[in-house]
Amino acid sequence: MSGDVASAVKTNRTTVTAMILIVAILVVAFLAAGAVGPAIVVAVINASIRGTVPIALGAMSGILSERSGIVNIGIEGMMLLAAYVGFMINVGLSSSGAPTALQAEPVRLILSILGGVLVGGLTGLLHALLSIRYKVDQIISGTVINTLALGLTGYFYLAGATTQGRLPPVISNPFKQDAGLLFWIGEIIFNKGLVTYLMVLVVITVTIALFRTPWGLRTRAVGEHPRAADTLGINVHRLQYTNLFFSGCMAGLGGVFLTLEAVGIFERGMTNGRGFIALAVMIFGKWHPLGAAAGALLFGFATALQGQLQFFNIQIPHQFVGMLPYLLTVIVLAGFVGRARPPAHVGKPYEVE
């Protein structure tokens, strides 16, 4: 892992810049602790983490897809469909008519997560089918998925649906409040749901898999020069189908985070552009998982400010505060990233000879 971090720092200046910004944010946060108290600072950091999870998972989804040569602007739709299906499975298993064994908390919630993730994966396969077999323009295919997800979840939306609860913390904070700094650090590290920890695992796994395994080498080769990869015996289309499935699964995991861990309910259009921000984060990180994760944390912090600035008694119109993540997206894409080179063959259909 340390080798991956060193490689990212050496080759990706955006990652370094993002990490510097994050460190600066943390320094400001700890300085602010003296003025507003550690409880508020920890609340801001935890809100930043909650904002980071779906964006980071969406960015991993985009990296897997685009490193394979397929543009994926359908992340938003994959997240939305998975969020809906995960929530509705939770609703169904929470009803009195469901078998008692399935209503038990670990089983019910794990089945809900798996259902949402599977739907995300199947949506990824749909994108692959349209892009690879039917040669539909990949931008249009992604747009179709976004539109389809918005329409389906809006049509089948069930107002007032309730569940028996959302994901509980995996590990409670073992430190008591009289432990001082350890207690506040524990409040940041612990008391998180399963998907938050899975996000960290996904980022590490994708980094190692993409740059340290034969599968990763083949994926990058397909994204850069599929003809050469095909000549070497790599089944380009099979690899793309596989990667698009896992890309959809990661977007789906980001979606179920919203309904099963962060909020606990489903609302129409609740992904609220996070899939598109994830794409911006992917470009910000220059298609590197660690760079994208660092960028997601930055965007998560901007998202967290929407709800937390009031604690600092800063009088800013809420409309402007709500613009912050999107404003940051525009600034980053317009001038902060600099030259970002995507995989050479991304967006171009490949014909097997």
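Q: What is the mean pLDDT of the protein, and where is it below 50?
A: The mean is 86, and 83% of the residues reach 70 or more. Residues 1–9 fall below 50, and that stretch has 12 contacts in the model beyond near neighbours in sequence. A contact means heavy atoms within 4.5 Å. Where pLDDT is low, the predicted coordinates should not be read in detail.

Q: How many helices and strands are there?
A: You get 15 helices and 0 strands. Both are DSSP runs numbered from the N terminus: helices are H or I over at least four residues, strands are E over at least two.

Q: Why is Ser141 called buried?
A: Ser141 has 0% relative accessibility, and the cut-off is under 20%, so Ser141 counts as buried. Ser141 sits in helix H7.

Q: What does Ser141 touch, and how do you know that its side chain makes a polar contact with His127?
A: Leaving aside neighbours within four places in sequence, Ser141 is in contact with His127, Leu130, Ser131 and Val136. The Ser141 and His127 side chains are joined at 2.8 Å. A polar contact is a pair of N or O atoms within 3.5 Å; within protein, one must be able to donate a hydrogen and the other to accept it, and residues adjacent in sequence count only if both atoms are side-chain atoms. Ser141 and Gly74 are 67 residues apart in sequence, yet 7.6 Å apart C-alpha to C-alpha.

Q: How do you know that Arg108 and Glu105 form a salt bridge?
A: Their closest N and O atoms are 4.0 Å apart. A salt bridge takes a side-chain nitrogen of Lys or Arg within 4 Å of a carboxyl oxygen of Asp or Glu, so the pair qualifies. Arg108 and Glu105 are separated by about one helical turn, because they are 3 residues apart in helix H6. Arg108 is buried at 1% relative accessibility, whereas Glu105 is partly exposed at 37%.

Q: What parts does the Arg341–Glu224 salt bridge tie together?
A: The two side chains meet at 3.3 Å, N to O. Arg341 lies in the segment after H15 and Glu224 in helix H10 (residues 214–224), so the pair ties together parts 117 residues apart in sequence. Arg341 is exposed at 57%, and Glu224 is partly exposed at 29%. The structure holds 2 salt bridges.

Q: Why is His345 called buried?
A: Its relative accessible area is 18%, and the cut-off is under 20%, so His345 counts as buried. His345 is in the segment after helix H15 (318–336). Beyond neighbours within four places in sequence, the contacts of His345 include Gly69, Glu224 and Tyr350.

Q: What makes the nonpolar surface patch, and which elements give two or more residues to it?
A: Leu126, Leu129, Tyr134, Leu148, Leu152, Tyr155 and Phe156 make a patch of about 700 Å². Helix H6 (105–133) and helix H7 (138–155) each give two or more residues, with the largest share, 3 residues, coming from H7. Patch residues have over 30% relative accessible area and no salt bridge; nonpolar side chains (Val, Leu, Ile, Met, Phe, Trp, Tyr) are joined within 5 Å, like charges within 9 Å. Leu129, in helix H6, has 32% relative accessibility, so Leu129 clears the 30% cut-off.

Terms used:
Residues numbered from 1 in each chain as written. Predicted model: local features only at pLDDT ≥ 70, side-chain atom pairs only at ≥ 80, totals over all residues. Heavy atoms only, no water. Buried < 20%, exposed > 50% of the residue type's maximum accessible area, 1.4 Å probe, protein only. Areas by Shrake-Rupley, 256 points an atom, 1.4 Å probe, with all protein chains shown as cover. pLDDT = per-residue confidence, 0-100.
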